[in-house]
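Start with the structure below.

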Amino acid sequence: MPVPDRETAPQLGAETLTALAAAAPDDSPARARAAACFADLRAVDAMVGQVRATPAGEEAEDDGETAPATATGGARASLDAQLDLVARCVEAGVTTRVFSVSLGGFDTHADEKQLQQVLLGQLDGALTRFADRMARTEAGRKVVVAVYSEFGRRVRANASDGTDHGTASNVLLLGAPVDGGLYGEPPSLTDLDDGDLKHTTDFRDVYATVLERVLDTDPGAVLGDWRGRLTGVL
């Protein structure tokens, strides 16, 4: 999730903002809900300000992660800073149910081994710190993290010691509710689909399971009549 600069409109003072975030005793349920949502918004905005004020490099622990570039070349807040903001929101009890963070740089058409070592080290360190922090609170122990990529990689290396865009890839689930292990079959490196790995678990099975079991919502609103589920993972 981006951690952008935000500024309060100058015509709205702190007293007005506080009043907007407080429900009156005679408010309708809709107005009370709106006030609660605005209070959450102010809390998140304050957390963003704290993250923005953190000295550079202080949020990471000696893993060399300083505002890594995204796949399209732009810089954004480190994964540690993004997950720190998510953790603060969870611990503050904000009503948001889903947060999205990202780590770019995995479009490894060249020098893949070296890049993967650095990037996966950053991913491992940030997720480990986040999981340890979530394990300390009741709200955190309900959190499930889904780690996925927008595309996979080909099996055969190209001439630049990298791999080109492929199809099948991994989805990782992390958190106290997750029963760890391998779900699906290890892919064959020789039995391929036109050079790509053959998937053994449909990603929609994973999404439907998370929607249903973690977010307590109907997957049909997102996935139509998809009926596949992962059994035993949550």
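## A buried charge without a partner

The model is predicted. Glu 112 is buried, yet it forms no salt bridge. The nearest side chain of opposite charge belongs to Arg 153, 4.0 Å away. A salt bridge needs a side-chain nitrogen of Lys or Arg within 4 Å of a carboxyl oxygen of Asp or Glu.

Which residues does Glu 112 touch, leaving aside its neighbours within four places in sequence? The contacts are Arg 153, Asp 161, Gly 162 and Thr 163. Arg 153 is thus both a contact of Glu 112 and its nearest side chain of opposite charge.

## Helix α4

Glu 112 lies in helix α4, which covers residues 112-134. The helix has 23 residues. From first C-alpha to last, α4 reaches 32 Å, close to the 33 Å expected at 1.5 Å a residue.

Glu 112 is one of the buried residues of α4. What covers the buried residues of α4? The cover includes helix α3 (79-92) and the strands β1 (145-148), β2 (152-153) and β4 (171-174).

## The whole protein

The protein has six helices and four strands. From the N terminus on, their order is α-α-α-α-β-β-β-β-α-α.

Of the 234 residues, 29% are buried. The accessible surface comes to about 14800 Å², and carbon and sulfur atoms hold 52% of it. Among contacts with a separation of 6 or more, 58% join residues 24 or more positions apart.

## The aromatic cluster

How many aromatic pairs does a search of the whole structure find? There are two. One joins Tyr 148 and Tyr 207, edge-to-face, at 6.4 Å centre to centre and 75 degrees between the planes. Tyr 148 lies in strand β1 and Tyr 207 in helix α5 (residues 203-213), so this pair ties together parts 59 residues apart in sequence.

Phe 203 and Tyr 207 form an aromatic pair that is also edge-to-face, with 5.5 Å between centres and 75 degrees between planes. Both residues lie in helix α5, four residues apart, about one turn of the helix. An α-helix has 3.6 residues a turn, so residues three or four places apart point the same way.

Ring pairs link Tyr 148, Phe 203 and Tyr 207 into a cluster. Tyr 207 is partly exposed, at 31% relative accessible area. Phe 203 is also partly exposed, at 47% relative accessibility.

Definitions and conventions. Residues are numbered from 1 along each chain as its sequence is written. This is a predicted model: local features need pLDDT of at least 70, side-chain atom pairs count only at pLDDT 80 or more; totals for chains, interfaces and linings use all residues. Side-chain values use heavy atoms; hydrogens and water are left out. Helices (H or I, at least four residues) and strands (E, at least two) are DSSP runs, numbered from the N terminus. Buried means under 20% relative accessible area, exposed over 50%, partly exposed in between (1.4 Å probe, protein chains only). Lys and Arg count as positive and Asp and Glu as negative; His and the chain ends are not counted. Contact means heavy atoms within 4.5 Å. The expected span of a helix is 1.5 Å times one less than its number of residues. Accessible areas come from the Shrake-Rupley method with a 1.4 Å probe; for residues, only the protein chains shown count as cover. Rings of Phe, Tyr and Trp (its six-membered ring) pair if their centres lie within 6.5 Å; planes under 30 degrees apart count as stacked, over 60 as edge-to-face and the rest as tilted.
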